[in-house]
Amino acid sequence: MADTQIFEPDGRAIPFVDEGTDSGPAVVLIPGRGLNISYLGPLAHALIEEDFRIVRVGPRHPSSAADAVVSMHDLAQDVVDVMDHIGLGHAWIGGHAFGGSVARTVSLDHLDRVGGVLLLGVEGAEQTDELNAGGSGIPEGARDVEVDAMQRAAQDATPDLEWSSLAPAVPVLVIQGTEDTLTPVANGERLQASAPDRVSIVTVEGGGHLFPVTHVGATSWPIEDYLDWD
């Protein structure tokens with residue numbers, strides 16, 4: 001298991017883990033709001049066993065209060081800066097709930113770096129609250145309370161269409177849990193209706209909001225199948 005590294009461009013402390021092989025598909029995974037990259041480890045490792053390269057990119061920790069005044073575009077740039085740092089030119093960009101909104105922003109701002117978008121639950125108009133909604137189901141050590149307010153402010157500061165839209169011609173794979181009340185299946189269905197030619201949906205039966213943790217196999221299998229097909 002690779003250790004978490006910290007990339008610090010311009011005083012931003014961005015945690016990331018780069019694991020796997022260059023021979024298979026590359027996927028970037030971004031955690032939900034107020035959470036760090038640790039809880040996505042089991043999903044990452046399941047995909048690595050199938051020869052994927054998985055890069056988990058966590059939320060920045062600003063060096064000062066002024067640095068915390070950011071937009072979704074800034075958080076998307078953090079992801080691309082990590083990709084540049086590790087020499088990853090092109091990848092599927094994915095995330096859990098709020099992380100998926102950052103992934104969509106990456107695709108809109110940096111289309112040439114994105115092979116597709118992976119959404120583990122689709123955020124709607126109301127902000128999600130992964131930090132509290134998961135309760136005791138959030139794995140120990142996964143909470144990152146310090147960044148929650150920054151992430152909320154970044155979404156408030158960015159017009160909805162600049163993070164909720166779909167980049168042109170980019171395929172989208174939505175995986176969602178049937179029992180997820182924060183990012184309910186209706187959100188994914190609305191997104192698919194907006195672009196039925198390129199948005200695919202896989203449903204995880206019985207999966208709540210933390211289905212990437214509680215249903216690792218049911219989450220990883222469609223990613224493996226779809227990206228192998230792609």
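Okay, aspartate 84 to start: this residue is partly exposed, with a relative accessible area of 45%. Keep in mind that we're looking at a predicted model. So who does aspartate 84 talk to? Its side chain meets the side chain of arginine 113 in a salt bridge, 2.8 Å from N to O. That pair links distant parts of the chain, with aspartate 84 sitting in helix H2, residues 72–86, and arginine 113 in the loop between H3 and E6, 29 residues apart. Arginine 113, for its part, is buried, at a relative accessible area of 13%.

Let's stay with salt bridges for a bit. How many are there? The count comes to ten. One of them joins the side chains of glutamate 123 and arginine 33, at 3.2 Å from N to O. Glutamate 123 is in the loop between E6 and helix H4 (130–133) and arginine 33 is in the loop between E3 and H1, so this pair ties together parts that are 90 residues apart in sequence. Buried or exposed? Glutamate 123 counts as buried at 5% relative accessibility, and arginine 33 counts as buried too, at 0%.

Now a local one. Arginine 152 makes a salt bridge with aspartate 148, where the closest N and O atoms are 3.2 Å apart. Both of these residues belong to helix H5, residues 148–156, and they're four residues apart, about one turn of the helix. Arginine 152 is partly exposed at 23%, while aspartate 148 is buried at 13%. There's also a network of salt bridges that links Asp10, Arg12, Arg60, Asp78 and Asp81.

Staying with charge, let's look at the surface. Glu49, Glu50, Asp51, Asp225 and Asp228 gather there in a patch of negative charge. Take glutamate 50 as one of them: you'll find it in the loop between helix H1 (41–48) and strand E4 (53–57), partly exposed with a relative accessible area of 43%.

On to the strands. Which residues of E3 are covered? Five of its five are buried, and that goes for both faces: Ala26, Val28 and Ile30 on one side, Val27 and Leu29 on the other. E3 pairs with E4 in the parallel sense over four bridges, and leucine 29 stands opposite arginine 56 in E4. E3, residues 26–30, also pairs with E5, again parallel and over four bridges. There, isoleucine 30 has glycine 95 in E5 as its bridge partner.

E5 is mostly covered as well, with six of its six residues buried. E5 pairs in the parallel sense with strand E6, residues 114–120, over six bridges. Histidine 96 has leucine 120 in E6 as its bridge partner.

Alanine 97 is in the loop between strand E5 (91–96) and helix H3 (98–109). Its phi is near 55°, which is a positive value in a residue other than glycine. Alanine 97 is buried, at 0% relative accessible area.

Where else does an alanine like that turn up? Alanine 169 has a positive phi too, near 70°. That one is in the loop between helix H6 (161–164) and strand E7 (172–177). Alanine 169 is exposed, though, with a relative accessible area of 69%.

Last stop, leucine 191, over in helix H7, residues 185–194. Leucine 191 is buried, at a relative accessible area of 9%. From leucine 191 to histidine 85 it's 106 residues in sequence and 32 Å in space, C-alpha to C-alpha.

Key:
Residues numbered from 1 in each chain as written. Predicted model: local features only at pLDDT ≥ 70, side-chain atom pairs only at ≥ 80, totals over all residues. Heavy atoms only, no water. Helix = DSSP H or I, 4+ residues; strand = E, 2+ residues; numbered from the N terminus. Buried < 20%, exposed > 50% of the residue type's maximum accessible area, 1.4 Å probe, protein only. Patch = residues over 30% accessible without salt bridge, like charges linked within 9 Å, V, L, I, M, F, W, Y side chains within 5 Å. Areas by Shrake-Rupley, 256 points an atom, 1.4 Å probe, with all protein chains shown as cover. Salt bridge = Lys/Arg side-chain N within 4 Å of Asp/Glu carboxyl O. Lys, Arg positive; Asp, Glu negative; His and termini not counted. Charge placed at Lys NZ, Arg CZ, Asp CG, Glu CD. Pairing = 2+ DSSP bridges.
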